[in-house]
Amino acid sequence: MPKHSSESSHVTRRNIVLFLTVLLFLSGGSVYYWRSNSVRLTADGKTRRIFTKARTMQEFLDAEKIVLGPEDLLTPPPETFIDSKTAAKITRVVHETIVEVSTGTPTIKWQVQNRQNLRRVRVQRGHSTISTTTNHITRHDGLEVSRTQTTKKKKRVTFYTLTLLDTNGRLVKEYDLLKAKVMYMRATGYYVGEKYVPSDTTFLGHKLRRGLVAVDPKVIPLRTRLYVEGYGYAYASDTGSAIKKNRIDLAVKDKYEEARFNRHNVPVYLLEKAKTW
């Protein structure tokens with residue numbers, strides 16, 4: 001009986017050793033993990049548990065080759081000792097400078113809208129106030145945590161525009177007259193029935209009407225859209241033997257309107273060349 005008990009005890013010990021050996025083989029490196037501390041790290045939008053032999057958070061960062069930016073935040077601090085329940089978070093800190101530009105409601109000082117020449121147009125003069133604000137923004141993991149306004153500037157900007165409108169008054173195209181080429185030209189007027197006007201048809205084949213003008217094609221190309229101050233929107237459709245260099249002949253209604261423009265120097269704005277007015 002005692003002998004049987006000894007053999008049974010020996011078998012049990014052998015089975016235990018065999019079990020531990022198999023368990024050790026199957027677990028692979030898990031024995032290492034049993035003996036290591038771990039860090040539950042949250043960084044860059046991901047959370048993961050990392051087993052480590054590092055003793056402090058700084059050693060952990062070095063071992064994992066994790067680089068902090070100059071202003072990134074680490075919780076807990078680098079000198080903190082690691083245990084089996086350590087949770088850490090890296091907060092990425094980014095600073096931005098943003099310039100915001102806003103334009104106030106335009107102040108219109110002068111405006112005219114009519115369809116007297118060829119088509120419906122609107123001409124406006126005025127000014128707008130442009131505000132420029134510089135903000136310094138701090139973001140933690142992409143979320144804004146603070147905003148500091150450092151400068152705010154206001155600038156008054158004038159505008160001078162000509163807008164082409166459709167028959168319902170909707171915008172078709174806008175020209176910035178302040179950016180357009182401007183020429184100062186000697187103006188005359190002409191109309192159908194005047195003895196020096198041989199035809200009621202322009203060089204381009206248009207029936208003569210107010211808004212069509214004669215130019216020197218070497219100075220202003222035919223089919224150019226124009227704006228003539230005091231006269232209005234115009235289209236270069238005609239030429240003339242006397243219209244040379246800085247001369248422009250404006251189609252008008254009659255001799256009374258002709259007298260208003262004859263021998264006057266007028267600013268002429270060149271808008272663009274187009275197939276139609």
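Start by selecting T75, which stands opposite K89 in β4. Strands here are DSSP runs of E with at least two residues, helices are runs of H or I with at least four, and both are numbered from the N terminus. Before moving on, please note that this is a predicted model, in which local features need pLDDT of at least 70 and side-chain atom pairs count only at pLDDT 80 or more, while totals for chains, interfaces and linings use all residues. Residues are numbered from 1 along each chain as its sequence is written, and side-chain values use heavy atoms, with hydrogens and water left out.

**Stop 1: around β4**

Now colour the strands. β1 (residues 37-43) runs parallel to β4 (residues 86-91), and four bridges join them. β3 (residues 73-75) pairs with β4 in the antiparallel sense, over three bridges. Strands count as paired if DSSP finds at least two bridges between them.

**Stop 2: salt bridges**

Next, show the charged side chains. A salt bridge is a side-chain nitrogen of Lys or Arg within 4 Å of a carboxyl oxygen of Asp or Glu, and the whole structure has 14 of them. Select E100 and R147, a salt-bridged pair with the closest N and O atoms 3.4 Å apart. E100 sits in strand β5 (residues 93-103) and R147 in strand β8 (residues 143-165), so the pair links distant parts of the chain, 47 residues apart. Buried means under 20% relative accessible area, exposed means over 50%, and partly exposed lies in between (1.4 Å probe, protein chains only).

Then go to K207 and D200, whose side chains meet in a salt bridge of 3.5 Å, N to O. K207 is exposed at 55%, whereas D200 is partly exposed at 35%.

For a contrast, select R210 and E257. Their salt bridge has its closest N and O atoms 2.5 Å apart. Because R210 lies in the loop between β10 and β11 and E257 in helix α4 (residues 255-261), the pair ties together parts that are 47 residues apart in sequence. Both R210 and E257 are buried.

**Stop 3: N117**

N117 belongs to the loop between β6 (107-114) and β7 (121-140), and is buried at 3% relative accessible area. Beyond four places in sequence, N117 touches R210, G211, Y231, G232 and Y233, where contact means heavy atoms within 4.5 Å.

**Stop 4: the nonpolar cores**

Finally, select V213, I220, L226, Y231, I248 and V268, the residues with the most contacts inside the largest nonpolar core, which has 26 residues. Such a core is a set of buried Ala, Val, Leu, Ile, Met, Phe, Trp, Tyr and Cys residues joined through side-chain atoms within 4.5 Å. Elements giving two or more residues to this core include β11 (212-214) and β15 (264-273). Which element gives the largest share? β10 does, with four residues.
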